[in-house]
Amino acid sequence: QIIIVFIQIDRITKGGAVANVPVVGGRVGFCINTIPEMYQGTCNFTAEENASFYCKMNALDFDNNSLNFSSNFVTNLTLFNISSDGVIYFTPNQTYVGNHTVRIFVTDNSTCPNNEIRRDYIFRVINVNDPPVLVMPIPNQTWSQDTSITPINLDVFFYDLDGDPLNYTWSITNFIEVSINQYHEVTFTPIATWYGTEYITF
């Protein structure tokens, strides 16, 4: 920063002598600074769900000032906070899937008004298919010989984290016929006169 002082002088003649008398003064400050430059470095701004993401932004200051990174998200979710030296490290979960806008700042340590650069980047989190999960154990079933029952709906017991529709299969049995309707309700029909125990896996 450079400060220049201006003083207005009046030349006064008194008694044959000439004197310079300051009348008014002023001060003007100049802040000389080159705005920092920001580079993506190793960051491609695309991450996969449930996978650790690491990259590092780069910046350059032509005046050799020290630099500091910061960030905030324009969109609702905050995926990460960039470190002061430009490192982005986080593990996105399923709720982060989609596109997000992050605003990254680089600030130098000068006191000049042009000491900061900011840029917006689109950060994309890609969905990775998750296997369905068993919400609760399927209870054992007991019923009378030579009758059929439709005791369970499989959607009560299974859930997909990605919200994908589920298709069900089951293990083959020797004595019980298994069928599943369009609503995922299960019907068990044993062969005639049979009784005993069978194990079925869905």
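Guide: Asn115 sits in the loop between β9 and β10 (116-126); strands are DSSP runs of E, at least two residues, numbered from the N terminus. This is a predicted model, where local features need pLDDT of at least 70, side-chain atom pairs count only at pLDDT 80 or more, and totals for chains, interfaces and linings use all residues. Residues are numbered from 1 along each chain as its sequence is written, and side-chain values use heavy atoms, with hydrogens and water left out.

Visitor: Is Asn115 buried or exposed?
Guide: Asn115 is buried, at a relative accessible area of 16%. Buried means under 20%, exposed over 50% and partly exposed in between, with a 1.4 Å probe and protein chains only.

Visitor: What does Asn115 touch?
Guide: Leaving out residues up to four places away in sequence, Asn115 touches Asn33, Pro36, Val106, Thr107, Asp108 and Ser110. Contact means heavy atoms within 4.5 Å.

Visitor: OK, new topic. What's the strand order in the open sheet?
Guide: The 4 strands run β4-β10-β9-β7, with mixed pairing. Two strands pair if DSSP finds at least two bridges between them. β4 (46-48) and β7 (67-73) each have a single partner strand, so one side of each lacks a neighbour in the sheet.

Visitor: How do β7 and β9 pair?
Guide: They're antiparallel, over 7 bridges, with β9 covering residues 98-108. Ser71 stands opposite Ile104 in β9.
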